[in-house]
Structure formats: C-alpha cells, structure tokens
Amino acid sequence: FANEAVHVTRRQRIEIGGEPVGVLIASVTVSELSRLITEFGDAYQGTGFILFGRDHVLGHPTLLDLHPSQNEGHPLLTLPEIDDPVLQAFGSQRPNAELDGGFERYRLDVDGNEFVAFVRWIDAYGDVQWGAGAWRDSVEVDLARKRVANAGYIGLGALFISLIVAGLVGKTIARPIELVTVGAEKLGRLDLEQIAPLPPSRIRELDNQAKAMNTALDGLRAFGKYVPKQLVLDILSSDIPVEPGGDRRPITVLFTDIRGFTTISERMEPEALMQLLSIYFDQMVSEVLDVRGTVDKFVGDAIMAYWNAPLPQDNHELLGCDAALRCAALSDRLNAEWEAAGQEILYTRLGIHPGDCIVGNVGSDRRLDFTVFGSPVNLASRLEGLAEFYGVQILASEEIRQKCQDRFLFRPADLVLPKGVIEPVAIYELAGYLPGVAKAPDGLTVSQETITKFEKWQVVYDTYLFRDWQALITATS
C-alpha cells in the first residue's frame, strides 16, 4: 500500500431483486483495528484482541504500528508469533470452550497462573470466522463476578426494603385519599350521615384536606336540617333549572294539623312542647318520605307535603292516600304511648286533594324556595280544617276518590263550598285499604264490618242528597 500500512479488506457483493448491481469494498488498517480493540480491552480492564479464524491475529495492542517492513510477507501474525503469552497459550493449548451468554469462555494456564479469555465469533468471511474478545486474570474475573453477585443481592435487598417502605408510605398517603374519595362520592349522594369524619394526617397537605372536608360535612349536616335531602337530590336529577320560575303539572297535596294545638301549647312548658313536637315531626316526615313524598314546609304545627314533583310519579294520588293513612296510624300509635305515660296527645287531622299546580322555584336569585302553589293547595288545606267539623281523621276530595276507589275505601261526608271555591265540592272520609289489595301495609286494611257499615251509610247519604226524608227515616230506623 502507498502508506506501507497493513490493511484488512472486505468485499461484499450487492444484489437488488436477485440481480448483482456491484461490489462494496471496505478496508481498514490492522493498526486501526488494534487501536479500537485496545480501547475495548481498557474498558474491560483486560487485553482485547481480534482473531481471523483460529490462528491469525487481526487486532492486538502490539500491532498498533505494524508495517510491511516489520513483517514482510506475513501481514497477519499467527498466535505463536504474537507478543502475548496468553494468546500464545490459547493457540498452543486449544482448551475446550464453555458457553457464557453469547461468548465462548476459555481457561488458560500460563506458567502456573490461570487466565480467562472470552471470545465472540461475530462474522464469517468465506469459511473463516472473525472473533473479538479479551482476556483477564481468572482471580479478577471471579472477584468481579462476586462483586456483581453481591451487588445484585444488595440491590435486591434494597429493592425489597424500598418496597416495604414505599408500601408503608403509600398506605399513609393512599388511605386518607381513599377516605376523601369515598366521602366525596357519598357527598354527591348527600349521604352525609354515612360519611365518617376524616382522621388527621402527619402530611400537612392531607391534614388540611381532611380538616376542610370535615368542616364542609359539619356545615352540610346542619344545612340538611333545613332543606330536605331528597328534595335536593330530586331537583339535581330533574331538568328543573335552579332559578326563579316553574311549570304547571298535576300534584297531590297533603296537609296535616294537630287538633287543639293552641290549647295544648298553653298547657305545656315551651321546652317540653318542642321536645314532643320534634318526636312527632320526625316520625311523621319519615312516613311521608317512605312513600316518596316531598315535605314542602312546616307551618306552625302543620305539615305540607306533595307528590309528582320534582320528579314525575304516575300514581301520585295513590301515594298520597297511602301516606295519609300511614300518618294517621302513626298519630294513633304515638298518642297511645303518650297517654299511657300521662303525657299530652297530639291528634292529627289530614286533608288530601289533587289538581294542577305551579311547580318550581319561588323567590329571588339570592334566596329560592322550591314549592307548589295554586287552588288545589288551598283546597287541601281547607279539607284538613273541615275534618274536625265532620269528625273524621282524613278528609279527601272527589278527585281523589275517583282515582283511588279501586284500592281504598271512602265514605261520603258532604257537599261543601269552602272559602275561595266557586262550585260545590264532594268530600269523603278516607278509611283505609280495601281487602285483597296487594302490598297493603299491616293494619291499614279495613274490615268487612266497616265495609258493610259504609254501604249502609251510602244509602242514608244518597237519601239525604235527594231530600227524601221519609225514606231517610225508614233507612235509619
């Protein structure tokens, strides 16, 4: 060559689509190969080399300045010719290879010292393989392996410990976050009583979050005493906008009132009266809510409730009658207990009537009240007041009787013209469920004796309406 350096040349035939298109020729000096392999050996902390076949050396630190003049006629040195006792032993001993990953490992004895050589055969040139490798003292190799193994054990131990620590830290962080998440889900459903107070945390951010959540829960629980939870949920699940306004729809309205409450309040101490009323209202409201009613407001000792709002209910008249009977039965049970204990009794009268009402939000942008209003509300209130005059506990309108007479027993009471009403209104006593009605609550079904009595009353009432006084005397004699 022009620069008198020994080169290694590789030719590669190039084909495209099976047709030869040329030959790629690459050439590199043995010195350059030796420089690269020396850097490799230094990185490996050993001596690197490149073999051509099993006998010739292409790269080695001793070949860095190889020129033809130094080795005329022999550009490639054989293993016995290389100035490296380990490679000379490799060429003379020809030890058996041990597989070590992608390498072949050889153990060599040089003057009583053991060395280890690693070779990887990486290419083939004709029938001759190219090999790259390095050798080191076997003691250093074993020490290195032990260091790697020990480092692995230490790493595994550190990983195990870190996993334990991470688990403990994760629980410390995850548990409060989980409690907040669960609490937020229940908060969305307004299940405020089901949310346990969040415990304090040693992590400042989580502790602040827990305090804020607990404060919000306390405020919402107090606020929930003033606004019915179910009403809020129904409004949120309906398409009613939270702004002043409303729409017209049929509503069943129920009013309750305590007979002689003014006299009772004068006889009792205020504290005792409030305690008694609290028990009464709590259980009466529960009865209304159990049949999906909406408690609108408390007016003194009276309760106003309705059905078919905010969410639609196809059978709202039936639900209203069911609630009226439940409330009346509850009043009787409470009074029996209180009378046995020598306490005041709170006898309840009820009025129920359906009709088209305006349903929606009344008030301003700063203060809204979801309610219903219209003439059916007024008539339901009037019926509750008339119940005392006619000596019945539940007074219902003709519209209620027409919708519910196949499930409930009604007794006609009169034709009346309440204040604010233009046409006479037929009113009825609601007595209870008819026998055979499925899923009727216990104790609310009328007896056959009551049905017979009401049938006789119907004859008397019809005679009364037609003013046939002689027939009335005969019917009642």
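Residues are numbered from 1 along each chain as its sequence is written, and side-chain values use heavy atoms, with hydrogens and water left out. Because the model is predicted, local features need pLDDT of at least 70 and side-chain atom pairs count only at pLDDT 80 or more, whereas totals for chains, interfaces and linings use all residues.

Strand β16 (residues 408-416) is largely enclosed by the rest of the structure, because eight of its nine residues are buried (under 20% relative accessible area; exposed means over 50% and partly exposed in between, with a 1.4 Å probe and protein chains only). Helices (H or I, at least four residues) and strands (E, at least two) are DSSP runs, numbered from the N terminus. β16 pairs with β17 in the antiparallel sense over eight bridges, where pairing requires that DSSP finds at least two bridges between two strands. Within this pair, F410 has L430 of β17 as its bridge partner.

A search of the whole structure finds eleven salt bridges, each defined as a side-chain nitrogen of Lys or Arg within 4 Å of a carboxyl oxygen of Asp or Glu. One of them joins R411 to E429, with the closest N and O atoms 2.8 Å apart. This pair links distant parts of the chain, since R411 belongs to β16 and E429 to β17, 18 residues apart. R411 counts as buried at 17% relative accessibility, and E429 counts as buried at 17%. Salt bridges that share partners also join D257, R349, E384 and E388 into one network.

Another salt bridge connects the side chains of E344 and R267 (2.8 Å, N to O). E344 lies in the loop between α8 and β13 and R267 in helix α6 (residues 261-267), so the pair ties together parts that are 77 residues apart in sequence. E344 is partly exposed, at 22% relative accessible area, whereas R267 is exposed, at 52%.

Helix α8 (residues 316-340) contains N335, which is buried with a relative accessible area of 7%. Leaving aside residues up to four places away in sequence, N335 touches I345, L346 and Y347, contact meaning heavy atoms within 4.5 Å. D322 and R326 both lie in α8, four residues apart, about one turn of the helix, and their side chains meet in a salt bridge (3.1 Å, N to O). D322 counts as buried at 9% relative accessibility, while R326 counts as partly exposed at 23%.
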